[in-house]
Amino acid sequence: MTAAAQDPKTVYLKDYRTPDYAVDAVSLDFDLDTERTRVRTRLQIRRTPNAATDAPLVLNGEEIELARVNVDGKRLQETAYVVDGKTLTLPSLPEHFVLEIENYCAPAKNTALSGLYASSDMLCTQCEAEGFRRITYFPDRPDILAKYSVRMTANKNKFPVLLSNGNPVGAGETGDGRHWAAWEDPHPKPSYLFALVAGDLARVEDNFTTMSGRNVALHIYVQYKDIKKCDYALDALKRAMRWDEEVYGREYDLDVFQIVAVDHFNMGAMENKGLNIFNAAYVLASPETATDTDYEYIESIVAHEYFHNWSGNRVTCRDWFQLCLKEGFTVFRDQQFSADMRSGPVQRIKDVKALRARQFPEDAGPLAHPVRPESFITIDNFYTATVYEKGAELVRMMCTLIGPEAFRAATDLYFDRHDGEAATVEDFVAAMEAASGKDLTQFRLWYVQAGTPVARLEDDYDAKKGVYTLTVTQSTPPTPKQADKKPLHMPLRAALVFETGAPGREHMLELTSPSETFTFENVPARPVLSAFRSLSAPVVVKRDLPLADRLLLMRRDDDLYNRWETAHRLLLDVVLTFAGDARLDKAEQALSAYADALGDLLENETDDAFAAEALKTPSQNDVAQEMEIIDPAAIAAALAKTERGLADRLAEPLTALGARLCDTSPYRPDAASAGRRAMKNAALKLRLSGADPDAGATALAQFRDADNMTDAAGAVSALALSDRPERAAALSEFYDAWRGEPLVVNKWLSWQAMAPRADTFQTVQDLLTHDAFAMNNPNKVRALIGAFAMHNLSAFHCADGAAYVFFADQVLKLDKMNPQLAARLVGALENWRRFDSQRQVKTKAELKRILQTDGLSENLFEMANRLLEGA
Ligand code: TRP
Ligand code: ZN
């Protein structure tokens with residue numbers, strides 16, 4: 001067993017202490033080499049006022065080789081400091097001093113993709129959260145803000161482009177085939193925002209004039225083969241820059257803004273100051289290779305990283321427990337941006353779907369944690385849906401509670417108060433209070449209390465008095481280490497909808513107690529409540545609503561999001577009833593009524609993207625989440641039956657839709673044309689689940705004729721999920737056509753991994769050795785193993801448990817290379833206790849096997865341990 005696994009140290013929020021030493025300036029000198037890079041660091045350090053005069057200085061450092069340490073120009077003897085695998089400690093120091101360190105690191109061996117690493121002939125860095133310590137010794141914590149200057153030397157042929165944060169301040173030749181470049185970042189920053197890139201890269205350029213008239217150069221760096229795939233990212237960047245000026249009053253603050261695309265990356269992208277580094281999948285797009293969904297992701301991730309320049313960089317986090325301060329806020333900002341760029345209600349539908357698919361299960365299982373966690377072993381494991389997505393919901397609720405004008409005043413105040421500082425969640429909420437005068441004391445509980453609250457609605461209408469009463473009770477189920485829950489403060493947006501006439505105006509009700517009753521007077525007719533409009537709080541809503549009322553809301557609710565919500569809920573209840581979990585008395589009749597209402601919607605709805613969402617049926621996971629004990633086979637059968645029933649009832653309109661939406665004009669990625677394609681492809685997918693004998697041929701023809709990836713992928717992905725005879729040809733032709741485009745091949749891997757078929761498990765095993773796959777590329781691991789474990793309930797949870805053994809083997813293999821990724825992947829088992837006891841025995845055995853493996857990383861140890869807690 002490694003020291004790490006034996007003795008994993010837990011870090012607690014309550015132990016936070018201000019640093020004993022501040023670093024005012026950092027200068028870094030890199031002699032770059034793929035095998036062995038030399039780093040010389042020069043730090044200007046000062047003891048902080050509250051520190052003891054004999055306080056030692058503890059620097060973090062991992063996987064690096066120390067060569068020498070100087071204090072104020074004098075080399076220290078090896079007895080004058082202590083080094084272990086994680087720290088370098090200097091016992092006694094003057095009040096001000098210059099610390100110089102020389103050390104080496106090995107980018108080519110760095111398969112963890114944290115620190116300085118090699119990716120497809122280039123060198124790049126990833127320092128969030130604790131990667132800087134894998135480059136050099138440093139007090140690697142986000143409350144140490146310093147000015148950085150960087151000098152890099154490298155082979156000129158191999159690495160003609162040398163980039164870092166801030167502005168370029170010099171470059172030249174050193175003779176001997178090498179050259180150098182120097183960069184200076186005028187803005188003090190924490191070490192996690194440091195970045196450098198070296199490579200033979202093409203540069204795509206544009207520029208942007210800021211609100212105060214300054215010119216900013218925009219540079220996107222990619223491999224030469226990808227030079228034609230940067231237009232959309234560049235366009236999204238300019239729109240994001242303008243939007244942040246207009247909506248938040250935030251202006252960019254350097255002369256250049258750079259984005260670099262890399263093939264090997266653990267997450268989506270990283271907001272390093274002035275030098276964002278992106279997973280290539282979220283930069284590169286062309287009509288032929290990227291789907292509309294890819295374009296949407298690029299738009300929102302480019303915006304997300306750009307928005308971090310203020311929410312994260314100018315105002316950063318005091319410690320990693322405050323992660324939601326930058327991530328929750330920035331996700332909220334990117335959601336608002338996407339809503340403004342496209343359809344507001346459709347964006348909300350997609351955001352809620354993601355919240356329910358990833359965050360609600362997390363909150364309901366062994367990995368549940370508050371938006372601001374209280375402890376961790378490895379912070380990497382807390383880049384979660386709870387911190388990001390639920391964190392965004394908390395910001396959204398505060399905006400709803402205080403109103404948009406006060407919210408804008410609050411964000412201005414927050415940025416103004418804390419510019420250049422490392423702040424806390426408390427600072428953020430305090431700004432909301434100061435700008436609005438609203439007391440958010442009870443609201444703060446959302447940050448510390450885990451679990452998804454359940455809100456129960458009961459209502460009554462007194463026709464004689466014209467009085468409608470609504471009673472809302474709230475409760476939050478227990479979560480690990482949090483048995484008792486308090487009531488939360490939340491906004492309930494609601495309106496009364498009627499059989500005839502327009503819906504009433506919207507009310508913002510505030511819930512604060514376990515149970516409360518609201519009275520509406522002068523209500524002329526029996527209303528149906530449109531509740532939690534646009535999901536005004538991240539809760540599970542429970543109510544008994546008769547079929548007729550649901551159909552009324554589907555047709556007449558003027559909150560478009562809630563029309564979708566009502567429809568989706570009804571269809572889910574049909575599936576659950578078919579799966580043996582009775583929710584409806586007459587599921588077949590309900591399905592017919594649903595089909596009629598949907599048919600009308602398809603005919604009348606002008607927002608195609610919305611209609612496309614309405615046409616999509618629930619996923620296996622959507623259904624699983626609602627079941628007491630998850631029954632994969634019953635879910636697959638019930639879904640197939642529902643989809644068939646719907647497709648056959650809607651056969652005519654679906655075929656007509658396909659024909660009506662067939663577009664022969666050249667591809668454009670805008671929201672309106674994407675909406676049309678989404679609707680066409682949703683209709684095709686549904687047709688393929690029905691009896692229509694021509695649907696397979698239609699799909700194959702759509703793929704063969706497609707001039708864009710959205711239509712090609714729409715057809716092949718739907719065929720891959722089906723049993724149609726055209727399936728095999730579509731998959732093999734697709735691979736032959738796209739084998740040279742790794743990002744496209746990843747889609748092909750996923751479709752096969754997600755097929756609810758008996759042979760899928762074997763296919764996934766075979767694909768591990770296929771040219772299309774590579775274990776060292778996180779995108780490929782997620783596309784194949786991740787998709788199989790997370791999105792294929794029936795095949796992954798096959799009754800004999802063989803897929804669990806396979807999965808544990810892969811996780812363990814991956815842990816040796818990339819602990820962050822292995823730990824994320826194992827999270828796919830977060831709902832293991834929700835299955836029957838035979839499956840539980842089998843998953844538990846695999847989790848135990850993982851936990852008992854020698855040399856486990858801290859990342860995987862922490863996850864396996866939490867998954868097993870109490871078992
Ligand atoms: N801060 C990044 C974001 O915008 C997250 C991130 C990128 C990250 N790479 C990472 C987090 C590696 C941990 C490890 O959301
Ligand atoms: Zn982020």
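Angles under 35 degrees count as roughly parallel, over 145 as roughly antiparallel, 65 to 115 as roughly perpendicular and the rest as oblique. I wrote that down before looking at any helices.

**Ground rules.** I'm working on a predicted model, where local features need pLDDT of at least 70 and side-chain atom pairs pLDDT 80 or more, while totals for chains, interfaces and linings use all residues. Residues are numbered from 1 along each chain as written, chains are lettered from A and ligands numbered from 1 in written order, and side-chain values use heavy atoms, without hydrogens and water.

**Entry 1: two helices.** I looked up α6 (residues 385–402) and α8 (residues 425–436), whose axes are 11 Å apart at an angle of about 10 degrees. So α6 and α8 are roughly parallel. My note on terms: helices (H or I, at least four residues) and strands (E, at least two) are DSSP runs numbered from the N terminus. Axes are lines fitted to C-alpha atoms, for helices over the stretch in contact, and angles run from 0 to 180 degrees between N-to-C directions.

Who touches whom (contact means heavy atoms within 4.5 Å)? I found Val 395, Met 398 and Ile 402 on α6, and Phe 428, Val 429, Met 432 and Ser 436 on α8. By class, that contact has six nonpolar, one polar and no charged residues. Ala, Val, Leu, Ile, Met, Phe, Trp, Tyr, Cys and Pro count as nonpolar, Asp, Glu, Lys and Arg as charged, and the others, Gly among them, as polar.

**Entry 2: a sheet.** Next I traced an open, mixed sheet of five strands, ordered β17-β18-β19-β21-β20. Strands pair if DSSP finds at least two bridges between them. β17 (202–209) and β20 (269–270) are at the edges with a single partner each, so one side of each has no neighbour in the sheet. I then checked β18 (215–222) and β19 (256–262): they run parallel, joined by five bridges. Ala 217 has Val 256 of β19 as its bridge partner. Helix α3 (292–307) packs on this sheet, touching β19, β20 and β21 (275–279), and its direction makes about 150 degrees with that of β21.

**Entry 3: rings.** I got 43 aromatic pairs. Rings of Phe, Tyr and Trp (its six-membered ring) pair with centres within 6.5 Å; planes under 30 degrees apart are stacked, over 60 edge-to-face, the rest tilted. Phe 761 and Phe 788 are stacked, 5.9 Å centre to centre with 10 degrees between planes. Phe 761 sits in α22 (760–767) and Phe 788 in α23 (778–791), so the pair ties together parts 27 residues apart in sequence.

Notes:
Contact means heavy atoms within 4.5 Å.
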